[in-house]
Amino acid sequence: MSQTIIDVENVTFHYHQEAAPALENVSLNVKQGEWLAIVGHNGSGKSTLARILNGLYIPDKGKVKVCGIELSDKTIWDIRNHVGMVFQNPDNQFVGATVKDDVAFGLENNGVPRDEMVNRIEWSTKQVKMDAFLENEPHHLSGGQKQRVAIAGVIAVQPDIIILDEATSMLDPLGRSEVIQTVRELNNQGDLTVISITHDLEEASKADRMIVMNGGHKFAEGTPEEVFMLDDKLVEIGLDLPFPFQLSKKLRAAGVPIQNNHLTEEGLVNELWTLQSKT
């Protein structure tokens with residue numbers, strides 16, 4: 001069993017003390033090397049939780065430990081050495097005139113020696129398949145390419161944890177697929193822990209585990225298969241079930257003997273081919 005890398009215990013957070021809490025009594029843990037998707041509609045608390053995990057906010061109540069460090073005003077920068085964050089709009093993260101300059105920015109801030117910096121820039125851009133674009137201006141790239149450069153800038157610093165805060169929501173389907181595939185490959189290579197904040201259940205279905213947030217509370221938790229068993233209860237709190245899952249249900253209702261509610265198109269297609277071969 002992998003060790004716990006993040007531990008959140010009874011966390012409550014208000015943006016304004018007179019307002020309802022954005023998070024209320026939330027507890028969860030994240031294992032080293034897993035991919036956890038935190039999903040919910042707008043205002044559910046998922047992005048607030050992400051910002052607490054990165055030390056952007058300090059909870060009003062409760063405890064947060066990241067890599068064994070308890071979050072406080074004094075430990076914010078220690079925690080950020082372990083956590084990298086990719087935001088919704090990659091344009092807001094670019095500071096360099098070229099891809100190479102942009103990836104180098106975080107390394108320079110961390111005092112990485114030049115020889116090591118050169119090696120990390122080469123390594124990180126290769127990991128996201130952007131090493132051929134080092135001299136390109138970031139703003140001339142496609143949306144998916146921009147997000148891959150943003151990921152390269154984060155992993156070059158070599159954090160233990162990477163948080164994707166709605167990092168695919170502004171991308172077209174191809175760009176979204178590119179980014180998710182890139183992150184999955186990085187996650188599969190070693191102990192990089194991935195936390196994906198999203199409202200897209202189809203994206204979340206690719207994670208190892210899911211947490212559903214609603215109204216600042218933890219609504220559900222489990223593997224994607226376990227969470228999707230809630231079915232219409234997820235729709236009731238404003239989430240759209242993945243298309244393959246919906247289609248599986250409709251085919252069964254129409255008399256097609258589908259055995260599973262599939263989370264991926266590949267799984268559904270494979271079962272349909274198997275049924276076809278038997279007829």
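## About the model

This is a predicted model, in which local features need pLDDT of at least 70, side-chain atom pairs count only at pLDDT 80 or more, and totals for chains, interfaces and linings use all residues. Residues are numbered from 1 along each chain as its sequence is written, and side-chain values use heavy atoms, with hydrogens and water left out.

Helices (H or I, at least four residues) and strands (E, at least two) are DSSP runs, numbered from the N terminus.

## The annotated domain

An unreviewed UniProt entry places the feature "domain: ABC transporter" at residues 6-240. Such annotations may be inferred rather than shown by experiment. Residues 6-240 are 35% helix and 24% strand. The end C-alpha atoms of this span lie 28 Å apart.

## Helix α3 and its cover

Helix α3 covers residues 99-109. Its buried residues are V99, D102, V103, A104, G106 and L107. Buried means under 20% relative accessible area, exposed means over 50%, and partly exposed lies in between (1.4 Å probe, protein chains only). The cover over these buried residues includes α4 (114-127) and α5 (143-156). After α3 comes G111, with a positive phi near 70 degrees.

The axes of α3 and α4 come within 10 Å and cross at roughly 120 degrees. Axes are lines fitted to C-alpha atoms, for helices over the stretch in contact, and angles run from 0 to 180 degrees between N-to-C directions. In α3, V99, K100, V103, A104, L107 and E108 meet M117, R120, I121, S124 and T125 of α4. Contact here means heavy atoms within 4.5 Å. The residues of this contact divide into six nonpolar, two polar and three charged. Ala, Val, Leu, Ile, Met, Phe, Trp, Tyr, Cys and Pro count as nonpolar; Asp, Glu, Lys and Arg as charged; the others, Gly among them, as polar.

## Helices α5 and α6

Helix α6 spans residues 173-189. It packs with α5 at an angle of about 25 degrees, with the axes 8 Å apart. The two are therefore roughly parallel. From α5, G144, Q145, Q147, R148, I151 and I155 meet G175, E178, V179, T182, V183 and L186 in α6. By class, this contact has five nonpolar, five polar and two charged residues.

G143 is found in α5. G143 is partly exposed, with a relative accessible area of 33%. G143 and R176 are 33 residues apart in sequence, yet 8.9 Å apart in space, C-alpha to C-alpha.

Technical notes. Angles under 35 degrees count as roughly parallel, over 145 as roughly antiparallel, 65 to 115 as roughly perpendicular and the rest as oblique.
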